[in-house]
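Hi everyone, thanks for coming.

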Amino acid sequence: MRLPRSWSIAIAVITTAILALWLINSLYALYVQVSWTTPWLATPLLIGILVLIGIAIAAIIYYTGIFQGWWGKSHAKQQQLPTVPVEKTAAATANLAAIDLQLQQIQDEVTRQALLAKSREIAENLARGQIRVVVFGTGSAGKTSLINAIIGRIVGEVGAPMGTTTRGETYTLELKGLDRQILLTDTPGILEAGIAGTQREAIARELATSADLLLFVVDNDLRSSEYIPLMGLAQIGKRSLLIFNKTDLYPPADREKIIAQLQNRVQSEIDHQDVIAIAANPQSVRLESGEIFTPDPDIFPLIRRLAAVLRAEGEELVADNILLQSQRLGAEARQLIDEQRRRQADRIVNRFQWIGAGVVTITPLPVVDFLATAAINTQMIIEIGKIYGCDLNKDAAQELALSLGKTLTSLGIVKGAIQLLSAALTINVTTYALGKGIQGITAAYLTRIAGRSFIEYFRQDRSWGDGGMAEAVQQQFQLNRKEDFIKAFIGQAIAAGAVKLTEISNTEK
């Protein structure tokens, strides 16, 4: 039967105390006896015995594992895997939590699940802490040769390839002096012909965008089709090394010239030392003896720079990329939600524009300027506000409606709308002698402009922007006055019964 822990401790303490008292008493007796017979030897003898006792205690502690346990914990703490900088980790985690809440607002189930999968993937990458190095470039630049050369030269473990050639093969590497695992991915080539080539390029760009570090491979000076994606990736914060491959094909003078050109072209985004010349798969040459000689790959400058970058910046690269990916996913989610809200708000505007047209057609207004006030329905404003998470009471909505109505009149948009619609209907009418049909369709048109203006107002967190309400309304008027749109709008009005051509006054011809 095991004794309770408290009893064991008490027995150990008592036993230790008894042994300590016995030891002290024995040492004192020995000291007294020696001091009587040989006084000069007593003190050195006592000190020597105490030192031996101390050494024995230290040895017992060490070999029983107590000291080893303390040291092991301290050493393990020093050797633990490096962590992503706390601030960026916290920011990425907070972003992902906010994104998951945003995604619940997306009504399309397929889209929502796809974005949730992206969010989970980013979170998993954050937890794993691997460094993702992606090799990117044209199919003829020698990307695969570069991958093979790196795998053959880096000292450490190389994992089996994952994925397929259409998605890009990925290898796991261990680099000396770096605790994080490296994932090295070969992507499909860009600028390939045909539909399949375009699809493969889209995959390559997606993989490049998700990389912690990008190896952009070229075999000559940058073409425009290479420069644009490289600069685009660099400008969104993608850390890149520009690799000039196949240098063995150029004379030394041409090689130096191309390197200088590359450094000059990318100097705004990529440091000179990150433009690296290599020969991943040098061509074989025939010696004078007739033998074929194949030089070893010349990639040491890349290996040296790659190791230096990963050791010095690896933690920052992972943190920056995780934060970037979460921000991009958040932006994509916000765009989808904005498009969804806009569609919902447009349906509300369409409904109220025909309601307004019907009311005005039944009860024509004696004065044209009243059209602006009649066209703007306060209930429409309230419903649009709800879509954007803004609950307006009736008084606040009415105040907004009156303000926008006055703006429509003061800017001459009411008269401008009448002229546009009259011309489209090929009917000449005076400003104040209008048929019921013209007033109805004008009311619908003004409702549309007002509704679209309010959509932008709520999209911008209840702000009209720097130009104020007048500029916002003018912009919507310009967007909705194109000839094709006016013709289509009149067709919808006739189909909705808001205007009947036979009822339009034609007496002023």
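Predicted model: local features only at pLDDT ≥ 70, side-chain atom pairs only at ≥ 80, totals over all residues.

Helices (H or I, at least four residues) and strands (E, at least two) are DSSP runs, numbered from the N terminus.

Residues are numbered from 1 along each chain as its sequence is written, and side-chain values use heavy atoms, with hydrogens and water left out.

Okay, the overall picture. The chain has 17 helices and eight strands. Of its 509 residues, 40% count as buried; buried means under 20% relative accessible area, exposed over 50%, and partly exposed in between, using a 1.4 Å probe and protein chains only.

What is the strand order in the open sheet of six strands? Reading across, the order is 2-3-1-4-5-6, and the pairing is mixed. At the edges sit strand 2 (169-173) and strand 6 (275-277), each pairing on one side only. From one strand to the next, the twist averages 25 degrees.

Let's zoom in on strand 1, residues 131-137. Six of its seven residues are buried, so call it mostly covered. On one side, strand 1 runs parallel to strand 3 (residues 182-186), joined by five bridges, and Val135 has Asp186 in strand 3 as its bridge partner. Strand 1 also pairs with strand 4 (residues 213-218), again parallel and over five bridges. There, Phe136 stands opposite Phe216 of strand 4.

Moving along, strand 4 and strand 5 (residues 240-244) run parallel and are joined by five bridges. Leu215 stands opposite Leu241 in strand 5. Helices pack on this sheet too. Helix 8 (residues 224-235) touches strand 1, strand 4 and strand 5, and its direction makes about 165 degrees with that of strand 4. Helix 9 (residues 252-266) touches strand 4, strand 5 and strand 6, at about 155 degrees to the direction of strand 5. Contact here means heavy atoms within 4.5 Å. For the angles, axes are lines fitted to C-alpha atoms, for helices over the stretch in contact, and angles run from 0 to 180 degrees between N-to-C directions.

Last stop: the aromatics. The structure holds ten aromatic pairs. Rings of Phe, Tyr and Trp (its six-membered ring) pair if their centres lie within 6.5 Å; planes under 30 degrees apart are stacked, over 60 edge-to-face, and the rest tilted. Take Tyr445 and Phe477: their ring centres are 6.4 Å apart and their planes are at 80 degrees, so the pair is edge-to-face. Tyr445 belongs to helix 15 (residues 436-459) and Phe477 to helix 16 (residues 468-479), so the pair ties together parts 32 residues apart in sequence.

Are those two residues buried or exposed? Tyr445 has 0% relative accessibility, so it counts as buried, and Phe477, at 6%, counts as buried as well. In helix 16, the buried residues are Gly468, Met469, Ala472, Val473, Gln476 and Phe477. Finally, ring pairs link Trp354, Tyr445, Phe477, Phe485 and Phe489 into a cluster.

Conventions
Pairing = 2+ DSSP bridges.
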